[in-house]
Amino acid sequence: MYFTDKKQAKKDLMESSNEMQEQLDDKSNLIKNLSYEVKFDDNTQYVITADFSEIKYENDIEIVEMQKVLAKIINEDEVTLIITGDTAIFNNSNYNTNFKKNVKVEYIDNIIFSDKLDLNFLENLVVIYENVVYEGAHGNINTDNIIINLITKNVEIFMNDPKNK
């Protein structure tokens with residue numbers, strides 16, 4: 001996915017960050033109800049919100065540690081993939097997000113539970129791993145990994161040990 005106007009997107013995110021930064025408590029840098037919204041060239045939208053967040057900087061890159069996280073990827077057809085998790089780390093320079101603890105993915109009539117999920121916009125992949133359980137119309141599957149390509153919508157389900165099925 002490519003950005004329509006990268007400078008405008010960064011400006012919008014910086015304004016959002018600055019507004020939320022003003023809500024900082026004098027004794028803590030914990031931010032309540034932080035939200036980021038990103039629009040891509042292909043009309044896909046990524047919205048991520050958290051009940052509590054803490055902004056840090058690593059090599060001049062804004063890294064946001066989030067708690068009680070809800071993320072939505074809305075495609076050009078208005079179909080939504082919803083991701084929730086107890087915690088997440090959001091990289092504000094490339095929008096990649098790493099979810100942990102009680103991760104749940106909802107897409108149409110499918111639900112996936114796991115311990116971890118990596119959302120990688122540079123490679124357009126959703127990687128779901130550790131204690132993965134898929135629940136769909138055709139039954140349930142326990143697996144080690146699920147990889148979803150955000151462009152092609154192809155899904156790969158596999159075990160770490162190829163001998164396991």
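In this predicted model, Val-69 is in contact with a group of residues that lie beyond its neighbours within four places in sequence, namely Ile-48, Thr-49, Ala-50, Ile-83, Thr-84, Gly-85, Asp-86, Thr-87, Ala-88 and Phe-99. One of these, Ile-48, is 21 residues away along the chain, and yet the C-alpha atoms of Val-69 and Ile-48 are separated by 7.2 Å. Is Val-69 buried or exposed? With a relative accessibility of 4%, Val-69 counts as buried, because buried means under 20% relative accessible area.

Val-69 belongs to strand E3, which covers residues 61-74. Strand E3 is joined to strand E4 (residues 80-91) by eleven bridges, and the two run antiparallel; within this pairing, Ile-73 stands opposite Leu-81 in E4. The two strands form a hairpin with five residues between them, and in its turn Glu-78 has a positive phi of about 70°.

Strand E4 also pairs with strand E5 (residues 97-107), again in the antiparallel sense, over eight bridges, and here Thr-84 is placed opposite Lys-104 in E5. This hairpin of E4 and E5 has five residues between the strands, and Tyr-95 takes a positive phi near 70°.

These strands are part of an open sheet of nine strands, ordered E1-E2-E3-E4-E5-E6-E7-E8-E9, with antiparallel pairing. Strand E1 (30-39) and strand E9 (155-158) stand at the edges and have a single partner strand each, so one side of each is left without a neighbour in the sheet. On average, and with direction ignored, neighbouring strands of this sheet are turned by 25° against each other.

Side chains of opposite charge can pair when their charged atoms come close. How many salt bridges are counted here? The count comes to three. In one of them, Glu-65 pairs with Lys-56, with the closest N and O atoms 3.4 Å apart; Glu-65 is partly exposed at 32% relative accessibility, and Lys-56 is partly exposed with a relative accessible area of 32%. Another joins the side chains of Glu-106 and Lys-104 at 3.9 Å, N to O, where Glu-106 counts as partly exposed at 28% and Lys-104 as partly exposed at 27%. Lys-116 forms a salt bridge with Glu-130, the closest N and O atoms being 3.5 Å apart. This pair links distant parts of the chain, since Lys-116 lies in strand E6 (residues 110-120) and Glu-130 in strand E7 (residues 125-136), 14 residues apart.

Notes
Residues are numbered from 1 along each chain as its sequence is written. This is a predicted model: local features need pLDDT of at least 70, side-chain atom pairs count only at pLDDT 80 or more; totals for chains, interfaces and linings use all residues. Side-chain values use heavy atoms; hydrogens and water are left out. Helices (H or I, at least four residues) and strands (E, at least two) are DSSP runs, numbered from the N terminus. Buried means under 20% relative accessible area, exposed over 50%, partly exposed in between (1.4 Å probe, protein chains only). Contact means heavy atoms within 4.5 Å. Two strands pair if DSSP finds at least two bridges between them. Axes are lines fitted to C-alpha atoms, for helices over the stretch in contact, and angles run from 0 to 180 degrees between N-to-C directions. A salt bridge is a side-chain nitrogen of Lys or Arg within 4 Å of a carboxyl oxygen of Asp or Glu.
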